[in-house]
Amino acid sequence: MQNLNSQDDPYLLSRQSLDKNPSEDISEKIVGVILFACALVSVLTTFGIVIIIFQETFGFFQEVSFAQFFLDTKWTPLFADRHFGVWPLINGTFLTTAIAMAVAIPLGLSSAIYLSEYAQPKVAAVLRPAVELLAGIPTVVYGYFALLFVTPLLRNIIPLEIFNALSAGLMMGVMITPTVGSISLDAIKAVPRSLREGSYALGITKLETIFKVVLPAALSGIIASIILGISRAVGETMTVLIAAGLQPKLTVNFAESIETMTAYMAQISGGDSPRGSLNFKTLYAVGAVLFLITLALNIVSYWIANRFKEKYD
Amino acid sequence: MATSYQPNSSLDSTAEFTDNVESRETLGKVFEVIFLLGLLIGLFILALLLFDIFKDGLGRFLSPGFLTETPSRFADQGGIRPAIISSVLLGTVVILVTVPIGVGAALYLEEYAPKAWWTAIIEINISNLAGVPSIVYGLLGLGVFNYLLGFGPALISGALTLSLLSLPVIIVTSREAIRAVPDSLRNASYGLGVTKWRTISSHVIPYAIPGILTGVIISVSRAIGDAASLIVVGAVGFLTFDPGLFQRFMALPIQIYSYITRPEPGFAGAAAATIIALLLLILALNGVAIYIRQRFSIR
């Protein structure tokens, strides 16, 4: 605040504020360019991702045909009998994602409804950040908990393999709950009070108002939050790598060990596949599929959230 | 709200409509409990998780040398010093790289950017980047820092990868902090003939600093907890020396992963102990953020 002007001479000060100071003019322009360059870094990052992934993926498809990749039902690039069918990995990804969303949607939505419609503001101010702590726990910790706590616990009840889709999916769901909850909460809070009061005035109970007035009005935000949650689950790596196993399979049996796209990528990175080898290129081919799926989900979520945003403004 | 409406039976001669207010209200109470349970389940699991980890790992965490020695082949010996040093170095580089670039980008978008199609593209691009999985950033880091710039699987490659990963979060939160600065502050400054950048540096940035710091801490905590991108870039699970910027490296989450995947029984305890160290590091970071935020807020 105090470094408005270094000169103390009142004459100079007034002259400077009235006249254009050319050196200051230039430095202002330089600052503008530097800040623009900062903003450009994000664009370059996107270009970098796209160029690098698709360059290597292009190399991959020169050795493996599209048909082998998208029509084969086996994924065994590390075996002597090589198959490059990506579906087992996609299957594993969506199996764990489905389990995760079966946890995250009810937990996230009830958190959002309780915090917005029932909780006293002071209670909500404590509980909301507490729930959001779940998102701040490193995912490797959820992997540890899934493998060494949840799986042994569940094995007392149902027969599970040591590595299984269920435990990993359950913990991933807990981790994603704040994503679904936070965005839904904002959407529910954006529903104007007048709508609720109109409903109460007709003698409708609070619960009926929530289900028949508030939630439908907030639906676009809720759907956007769910899609974003799916995207997070699809891209999550450490939990599934630790707890779900490394066995690419086409199965819906959540008790079995499976492999997700991300787990395969981590597995192949951990080994020593020399750059340029076909194994190395599978990393990028799978990465390209993962990137395109999450990109599509993010765009859809962004589009839904924005499309219906101004309905009540 | 719509509580005690009692239909007057004497007047209600044509009563075929039954409003069942009581049972509807009861159902409402039941669902209130269900919603509350839904909220509490997450917190219960969080408590259970922390309890389990402290139960498994506290003994090992407190054992002599765990924080100060290099890893050993035996679960009950050695320590995690290289992982701690790696994580602190990674976090430091992430802060040094992302704070100027992230705040700069946020300032540009809030204060300078004209409303045009290409600024809209930058904005959509940033929100999309925030949703790109960490392991995909790993592919980017591997391509750009390991190979293109020739750093190889060194700590600097991992640190720059984590920086790119953190950038969108810092930009988004900094923008919110900058947007929350009242316009009257800017106008008062412009009214005195102060130039744009001086207005920003002397008024806007100091006012927005608490919000910016919050974003920085959130994203640095995430970066320090991230393992997927570092696995791709080439972090190792076992290091017997203290890493430098251009040497092979590990990180606390990588150390945890490496311990979990060992078949011998004792390593689970070592993993839990390392988790305690990681959580304490993240907690310390957040503590610093809260402290700084409060200092800057009192003005």
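This is a predicted model: local features need pLDDT of at least 70, side-chain atom pairs count only at pLDDT 80 or more; totals for chains, interfaces and linings use all residues.

**Stop 1: the interface**

Color by chain and look at where chain B meets chain A. The contact takes 78 residues from chain B and 78 residues from chain A. Together the two chains bury about 6,900 Å², with 77% of that area on carbon and sulfur atoms. Now select Phe35(B), Leu39(B) and Leu139(B): these supply 10% of the area that chain B buries against chain A, more than any other three residues.

Select helix α1 (residues 21-62) of chain B, which gives the largest share of the side of chain B that touches chain A, at 21 residues. Sort that side of chain B by class and you get 57 nonpolar, 13 polar and eight charged residues.

How many salt bridges cross the interface of chain B and chain A? The rule finds one. To see a salt bridge between the chains, pick Arg24(B) and Glu208(A), whose closest N and O atoms are 2.8 Å apart.

**Stop 2**

Over all chains, the count comes to 14 salt bridges. Go to Glu110(B) and show its side chain along with Arg175(B): the two form a salt bridge, closest N and O atoms 2.9 Å apart. Glu110(B) sits in helix α2 (residues 81-112) and Arg175(B) in helix α5 (residues 155-179), so this pair ties together parts of chain B that are 65 residues apart in sequence. Are these two partners buried or exposed? Glu110(B) counts as partly exposed at 23% relative accessibility, while Arg175(B), at 12%, counts as buried.

Arg179(B) is in helix α5 and Glu110(B) in helix α2, so here the parts tied together are 69 residues apart in sequence.

Now select Glu111(B) with Arg186(B), a salt bridge whose closest N and O atoms are 2.8 Å apart. Glu111(B) belongs to helix α2 and Arg186(B) to helix α6 (residues 183-191), so the pair links parts 75 residues apart in sequence. Both Glu111(B) and Arg186(B) are buried.

**Stop 3: the loop between α8 and α9**

Move on to Gln247(B), in the loop between α8 (228-233) and α9 (252-260) of chain B. Gln247(B) is partly exposed, with a relative accessible area of 37%. Which backbone atom does its side chain reach? The side chain of Gln247(B) reaches the backbone nitrogen of Gly244(B) at 2.6 Å. Setting aside neighbours within four places in sequence, Gln247(B) is in contact with Pro153(B), Ala154(B), Leu155(B), Phe241(B) and Asp242(B).

Leu245(B) is partly exposed, at 35% relative accessible area. Beyond its neighbours within four places in sequence, Leu245(B) is in contact with Val93(B), Ala154(B), Leu155(B) and Ile156(B). Draw a distance from Leu245(B) to Ala154(B): their C-alpha atoms are separated by 6.8 Å, though the residues are 91 apart along the chain.

Methods:
Residues are numbered from 1 along each chain as its sequence is written. Chains are lettered from A and ligands numbered from 1 in the order in which they are written. Side-chain values use heavy atoms; hydrogens and water are left out. Helices (H or I, at least four residues) and strands (E, at least two) are DSSP runs, numbered from the N terminus. Buried means under 20% relative accessible area, exposed over 50%, partly exposed in between (1.4 Å probe, protein chains only). Contact means heavy atoms within 4.5 Å. A polar contact is a pair of N or O atoms within 3.5 Å; within protein, one must be able to donate a hydrogen and the other to accept it, and residues adjacent in sequence count only if both atoms are side-chain atoms. Buried area is the accessible area (1.4 Å probe) that two parts lose on being put together, summed over both. A salt bridge is a side-chain nitrogen of Lys or Arg within 4 Å of a carboxyl oxygen of Asp or Glu. Ala, Val, Leu, Ile, Met, Phe, Trp, Tyr, Cys and Pro count as nonpolar, Asp, Glu, Lys and Arg as charged, and the others, Gly among them, as polar.
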